[in-house]
Amino acid sequence: CLWIRRLRQQPWAPLRAEWGIARILFRDGVRRVFSPSADDGSLALSLRERLCRVGELHAILGLERFHQIDAARRNALGEDGWGKTSGTHHMQHLPGLVFRGEDQEIAREALRRSAALFANPSDGLKLHQEWERTPILKDLVLVGGGHSHVNLLRMLGMEPLPGVRVTLVTRDVETPYSGMLPGHVAGLYTRRECHLDLNILARFARV
């Protein structure tokens, strides 16, 4: 019953995308538990390791599900590429993939707070007004427009830090999202979908 309840509560991508995700999970995950292959290295894994691999693949495919949800939402608005909230949608699975122990809950709380601010623009406006009234006490310089700095810009745009002035130093206007490169090579994503506009992000975060 708990599993069915979780399925009902989780967001769903368009049917075609969900079918593709299910096929990958079965072909490269579940099937390899019972029929391991030397081609992908599953033959060298124990049964327990192959089961863990299914869980890891499921979490990674969760990132793809949130991308498809965001892409469908933007397509319905006649837009393409990345939106200001794309990073937040894609990061929903991040705590379980990257963090351990108490850090998982800290990361989840930060994501919930950012999602709540996006859902209530008036709260975000109050934070920005407070940020503008607060004198500059610290300077934070970000060197490069890599993944960690991109996510930081998104979080700052939704929840600015009063008293902190942030400067981004980078030679690139757009930065590629490496996790989508295989999909771009396969023809699943356009170049615009695979690149993040640092200029838009910087303006959004007032950096």
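Which residues is Val166 in contact with, leaving aside its neighbours within four places in sequence? They are Leu140, Leu142, Leu156 and Val207. Contact means heavy atoms within 4.5 Å.

This is a predicted model, in which local features need pLDDT of at least 70, side-chain atom pairs count only at pLDDT 80 or more, and totals for chains, interfaces and linings use all residues. Residues are numbered from 1 along each chain as its sequence is written, and side-chain values use heavy atoms, with hydrogens and water left out.

Val166 belongs to the largest nonpolar core, which has 11 residues. Such a core is a set of buried Ala, Val, Leu, Ile, Met, Phe, Trp, Tyr and Cys residues joined through side-chain atoms within 4.5 Å. Helix H8 (147-158), strand E2 (164-169) and helix H11 (198-205) each give two or more residues to this core. Helices (H or I, at least four residues) and strands (E, at least two) are DSSP runs, numbered from the N terminus. A second, separate core has 6 residues, including Leu25, Val33, Leu57 and Leu61.

Now helix H2 (residues 15-34). Arg32 lies in H2. Arg32 counts as buried because its relative accessibility is 17%. Buried means under 20% relative accessible area, exposed over 50%, partly exposed in between (1.4 Å probe, protein chains only). Beyond four places in sequence, Arg32 is in contact with Arg27, Ser37, Asp40, Ser42 and Arg50. Phe34, also found in H2, has 71% relative accessibility and so counts as exposed.

Helix H3 comprises residues 47-76. Just after H3, Gly78 takes a positive phi of about 75 degrees.

Definitions and conventions:
Expected span 1.5 Å × (residues − 1).
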